[in-house]
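Q: Please take a close look at one part of this model, the salt bridges, and connect it to the rest.

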Amino acid sequence: MGAGHDHGHSHGGPPAGMSGTAAAAYKGRLRIALGITLTILVAEIVGSALTGSLALLADAGHMATDAVGVSMALVAIHFANRPPSERRTYGYARAEILAALLNCLLLLGVGGFILVEAIDRLITPAPVPGGTTVIFGLVGLVANLVSLAVLMSGQKESLNVRGAFLEVLSDALGSLAVVVSALVIMVTGWTQADPVASLLIAVMIVPRTVKLLREALDVLLEAAPKDVDMAEVRAHIMALPGVEDLHDLHVWTITSGMPVLSAHVVVDPARLDSAGQEKMLHELQGCLGEHFAVEHCTFQLEPSGHAAHEARLCH
């Protein structure tokens, strides 16, 4: 580096992909949830065939989507934890977010299908035996509650696991709607309770899916994590002795649980000479490490006037 170009790089943690994604720790639980989902899927298809219940068929369709979604999550975890390469320096960590995005598209498709079928059933009601439908609905409800318990802790750390959790949650609510509609049919004989329950299932799918879709898109668009206050990060760095200015500050997320930061920090040359780059970098690391959970940090230390020099070189 030439005179006046004292650049420092600080890494607050291993590059993304080296330590594994947040979802990797929950592979076993995702497999359990997948097994339960497939079991419920088969049971509800049989139940729908025996009873003619659209609500059971709708829930079975949702279960099929969930099975595909959880399978994609497991495949994504496998690829996400492959080591980085010269071409893919962050490895395949972003594959986890792509799987969550595909999950959202599948869920929206299922929600639309259920909506159309339910409206058709409201116009042309079909008989549904309430007693048998209640039994299959209860089986689905209990199994979904078990899956929710299995995935509860992981959904706070990974978008992929959260996607599976939200799907199972909407399934549980769908199974509850099936049980309630079947009880209504048993008590009142009002067969349209079945398509009404199907509409409720569709309505429950959409809002949670849109929320997950927004979060996945935020990661792909490299938006700052919601729990990181950019103004506060800037204020902490600017408060360090010798720091005169800060530019090109970026905070984004590679995948769930892997926020990264980069910044150009303008330092008083006298302070940089007296303290040295290593001490300045340690102070920056300590500042961010104490207040913010960032997986990987990169700092470029610049003496005063260096930004103007860079601007001249670029033009």
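Is Lys 279 buried, partly exposed or exposed, and what is its relative accessibility?

A: This is a predicted model. Lys 279 counts as partly exposed, because its relative accessibility of 43% falls between the cut-offs of 20% and 50%. Its salt-bridge partner is Glu 283, with the closest N and O atoms 3.4 Å apart. Glu 283 counts as buried at 18% relative accessibility, so this residue falls under the 20% limit. Both residues belong to helix 8 (residues 269-291), where they are four residues apart, which means that about one helical turn separates them.

The salt bridges of the model come to a count of five. One of them joins the side chains of Asp 194 and Arg 121, at 3.6 Å from N to O. Asp 194 is in helix 6 (residues 193-220) and Arg 121 is in helix 3 (residues 95-123), so this pair ties together parts that lie 73 residues apart in sequence. Asp 194 is buried, with a relative accessible area of 1%.

Another salt bridge brings together the side chains of Lys 226 and Glu 215, at 3.5 Å from N to O. This pair links distant parts of the chain, 11 residues apart: Glu 215 sits in helix 6, while Lys 226 sits in the loop between helix 6 and helix 7 (230-238).

Elsewhere, salt bridges with shared partners join Lys 211, Glu 215 and Lys 226 into one network.

Two further places complete the picture. Val 75 is located in helix 2 (residues 54-80) and is partly exposed, with a relative accessible area of 44%. Its C-alpha atom is separated by 8.7 Å from that of Glu 96, a residue 21 positions away along the chain.

As for the strands, strand 2 (residues 259-267) and strand 3 run parallel and are joined by eight bridges. Within this pairing, Ala 263 stands opposite Phe 299 of strand 3. Strand 3 (residues 296-303) is mostly covered, with seven of its eight residues buried.

Key: Residues numbered from 1 in each chain as written. Predicted model: local features only at pLDDT ≥ 70, side-chain atom pairs only at ≥ 80, totals over all residues. Heavy atoms only, no water. Buried < 20%, exposed > 50% of the residue type's maximum accessible area, 1.4 Å probe, protein only. Helix = DSSP H or I, 4+ residues; strand = E, 2+ residues; numbered from the N terminus. Pairing = 2+ DSSP bridges. Salt bridge = Lys/Arg side-chain N within 4 Å of Asp/Glu carboxyl O.
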